[in-house]
Amino acid sequence: MDYFIRPLTQEDQPFLWQMLYEAAHLVEEGNSTVQDAMNNPDLAKYVKDWGGKDDSGFVAVLKSSNQPVEAAWLRLLTGENKGYGYVDDRTPELAIAILPQHRNNSIGTQLLTHLLAATKTSYPSI
């Protein structure tokens, strides 16, 4: 599979919602739409208003169709906005998801490696 990796932008927010839906395994809980992720306040904090100073992430895009197929992103969730993996106010939470039809092809490993390398000087841990 031929793809490239690029930084996530604010324009990628609709795709991030889709990735959040996949990452949270909502279909297994009987939630059948991305809107279910958007309506869940505990999940929405991972994507809502994406693109702030503490947001960082990358997307893998198929060269043949320019279709994004995977995303990995970090978000610093603090105070009243703490997430599921809260450690402290200096440690961002990581999310990663892949469209089901593109799983098991090692894009995830490469995307995660790329994200960790790009942010290693920004955070003491993830």
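Let me begin with pairing: two strands count as paired if DSSP finds at least two bridges between them, where strands are DSSP runs of E with at least two residues and helices are runs of H or I with at least four, both numbered from the N terminus.

What we have here is a predicted model, in which local features need pLDDT of at least 70 and side-chain atom pairs count only at pLDDT 80 or more, while totals for chains, interfaces and linings use all residues. Residues are numbered from 1 along each chain as its sequence is written, and side-chain values use heavy atoms, with hydrogens and water left out.

Turning to the sheet, β3 and β4 are paired in the antiparallel sense over 6 bridges, and Leu74 has Leu94 in β4 as its bridge partner. The open sheet comprises 4 strands in the order β1-β2-β3-β4, with antiparallel pairing. Because β1 (3–7) and β4 stand at the edges with a single partner strand each, one side of each has no neighbour in the sheet.

Asn66, which lies in the loop between β2 (55–62) and β3 (68–75), has a positive phi near 60 degrees without being a glycine, and at a relative accessible area of 54% Asn66 is exposed. Ser106, also not a glycine, has a positive phi of about 70 degrees; Ser106 sits in the loop between β4 (93–98) and α4 (107–119) and, at 40% relative accessibility, is partly exposed.

Methods
Buried < 20%, exposed > 50% of the residue type's maximum accessible area, 1.4 Å probe, protein only.
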